[in-house]
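Subject: Model handover

Hello,

Please find the model below. My notes on it follow.

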Amino acid sequence: MLTDYSLKMPKTIFAGEHAIEQLKPIINSGIRKIVLFTDKSLLALGLIDLPIQLIEEAGIEYTILSDIPAEPNYHEAQAMVDAFKNEQADFIVAVGGGSVMDVAKLASISATDEYTIKDLLDDPLAAKKHVRSLMIPSTAGTGAEATPNAIVGVPEKDLKIGIVNPEMIADFVLLDGRMIKDLPKPIAAATGVDALCHAIECFTSAKANPISDTFALEALDLIMNHIIEACTNPEALEAKRSMLLGSFYAGVAITASGTTAVHALSYPLGGKYHIAHGVSNAILLTPVMRFNEPAIKELLADAYDRVIHDGDQTLSIDEKSAFMINRLENIVRILEIPTSLKTFRVPEEDLEGLVAAGMEVTRLLVNNKREVTPEDARAIYQQIL
Ligand SMILES: NC(=O)c1ccc[n+]([C@@H]2O[C@H](COP(=O)([O-])OP(=O)(O)OC[C@H]3O[C@@H](n4cnc5c(N)ncnc54)[C@H](O)[C@@H]3O)[C@@H](O)[C@H]2O)c1
Ligand SMILES: [Zn+2]
């Protein structure tokens, strides 16, 4: 547990049944031009119709930038940032999942030509905020609406890399269950397990502290107890709202603490094979938790006491810890997320490359309570190949 800790988070958060309607009073404050970031699927699904209606009612000029691929690499993100610069906007609205929000966050610090995204990969703290931003997440989710992180693919390294700078933290967040109402099950499941990983990793991280624990445990409670219903019952709006709140809290926990070896070893899977972020985390979740168990048993037992509402308090620490890992494993199984890289035809001869790339993610590996050696990483990847 850290002895000194802090938290930075978005200034204003609206949540609940009609959060999106808050967009109008927020932008009715002397804003001249808005760029709205989204992606092509969300555009086609009509998920930006209400935000656009509200912007039009406010009489503010706007441009929609929607050429954002899922999980963009830094070249693709740079193309969007360049398009954004041409618009000379003074406010950003992002409607989408982590991919859209991360590009929007990079744009918020990139209205001038002082640095490129490639420069920020080497020196993330060089950037200052230029344009205020508002995030409306459409997955539950990355928690990107809460964090100072933007994750981009780096093709030459076969990796995904996080650019971290508090200047990117959104100014406003609107958490509205209507955004995730019709999320297709595979996307709801993968993004939901991503949020679950954020919560359990941050709670068991070497950087955990009283502030991050508060958010991580509440996130874990909301997510573990609602994820199955939210992903399998289209009408379960209350469960979906809980997921949206839980994934936001888990994002706050990332900001105050940090994810661990699940996310570290997952980045090469996204970077090289373009496996969706939530899916690669889901594949690694159980093997990494079993590897970490000797170092985090007591924490898993504490989490059991906090989030398993019909739990048996007389169980031993070992039993509570085992229960928690089994519950995580079952969630991935029930949601029918792949649990092996065989699904993605990753050849066994790629093992050494994966180990080398995974071990490069020192930013997150240092957070893991049990040290991960190259031999350990190899053993974990071998289990999922
Ligand atoms: N910044 C952070 O703190 C942070 C944290 C975790 C992950 N990430 C990054 O976020 C990205 C992943 O984001 P994601 O998991 O939210 O997915 P995504 O944004 O890549 O979206 C995945 C797919 O779901 C579709 N989609 C999104 N919302 C939908 C909706 N409501 N209905 C129907 N379809 C919808 C999108 O169009 C896309 O095709 C990765 O690049 C990951 O590395 C960032
Ligand atoms: Zn994640």
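F172 is buried, with a relative accessible area of 13% (buried means under 20% relative accessible area, exposed over 50%, partly exposed in between, with a 1.4 Å probe and protein chains only).

Some conventions before the rest. This is a predicted model, in which local features need pLDDT of at least 70, side-chain atom pairs count only at pLDDT 80 or more, and totals for chains, interfaces and linings use all residues. Residues are numbered from 1 along each chain as its sequence is written, chains are lettered from A and ligands numbered from 1 in the order in which they are written, and side-chain values use heavy atoms, with hydrogens and water left out.

Aromatic contacts

F172 pairs with F91. Their ring centres are 6.1 Å apart and their planes are at 50°, so the pair is tilted. (Rings of Phe, Tyr and Trp, the last by its six-membered ring, pair if their centres lie within 6.5 Å; planes under 30 degrees apart count as stacked, over 60 as edge-to-face and the rest as tilted.) The pair links distant parts of the chain: F91 belongs to strand β4 (residues 91-96) and F172 to strand β8 (residues 172-176), 81 residues apart. (Helices, H or I with at least four residues, and strands, E with at least two, are DSSP runs numbered from the N terminus.) F91 is buried too, at 0% relative accessibility.

A search of the whole structure gives five aromatic pairs. Another of them is tilted: F248 and Y249, at 6.3 Å centre to centre with 55° between the planes. F248 is buried at 3% relative accessibility.

The charged end of R370 sits over F291, 4.0 Å from the ring centre. (The test: NZ of Lys or CZ of Arg within 6 Å of the ring centre and within 35 degrees of the ring normal.)

Zinc site

Which residues coordinate the zinc ion (ligand 2)? They are D194 (OD), H198 (NE2), H263 (NE2) and H277 (NE2), at 2.1 Å. (Donors are N, O and S atoms within 2.8 Å of the metal, or 3.2 Å for Na, K and Ca; water is not among the atoms, so sites may look incomplete.)

The four donor atoms subtend angles of 85 to 167° at the zinc ion, which makes the arrangement irregular. (Four donors count as tetrahedral if all angles lie between 85 and 135 degrees; four count as square planar and six as octahedral if opposite donors are over 155 degrees apart and all others between 65 and 115; anything else is irregular.)

The spacing of the donor residues in sequence is D-x3-H-x64-H-x13-H. H198 is in helix α7 (residues 185-203) and H263 in helix α10 (residues 261-273), so this pair ties together parts 65 residues apart in sequence. H198 is buried, at 3% relative accessible area. H263 is buried, also with 3%.

Nonpolar core

The largest nonpolar core has 114 residues, and F37, V193 and L285 touch the most other members. (A nonpolar core is a set of buried Ala, Val, Leu, Ile, Met, Phe, Trp, Tyr and Cys residues joined through side-chain atoms within 4.5 Å.) Helix α11 (residues 277-307) supplies the largest share of this core, 13 residues. Domain 1 (12-180) and domain 2 (185-384) each contribute at least three residues. (Domain bounds come from an automatic or database domain assignment.)

Backbone

Most residues other than glycine have a negative phi. Two exceptions follow. E71 is not a glycine, yet its phi is positive, about 50°. E71 is in the loop between β3 (61-65) and α4 (74-87). E71 is partly exposed, at 27% relative accessible area. Q88, also not a glycine, has a positive phi of about 50°. Q88 is in the loop between α4 and β4. Q88 is exposed, at 56% relative accessibility.

Distances

L244 lies in helix α9 (residues 237-256) and is buried, at 2%. L36 is in strand β2 (residues 33-37) and is buried, at 0%. From L36 to E218, 182 residues apart along the chain, the C-alpha separation is 31 Å.

Best regards
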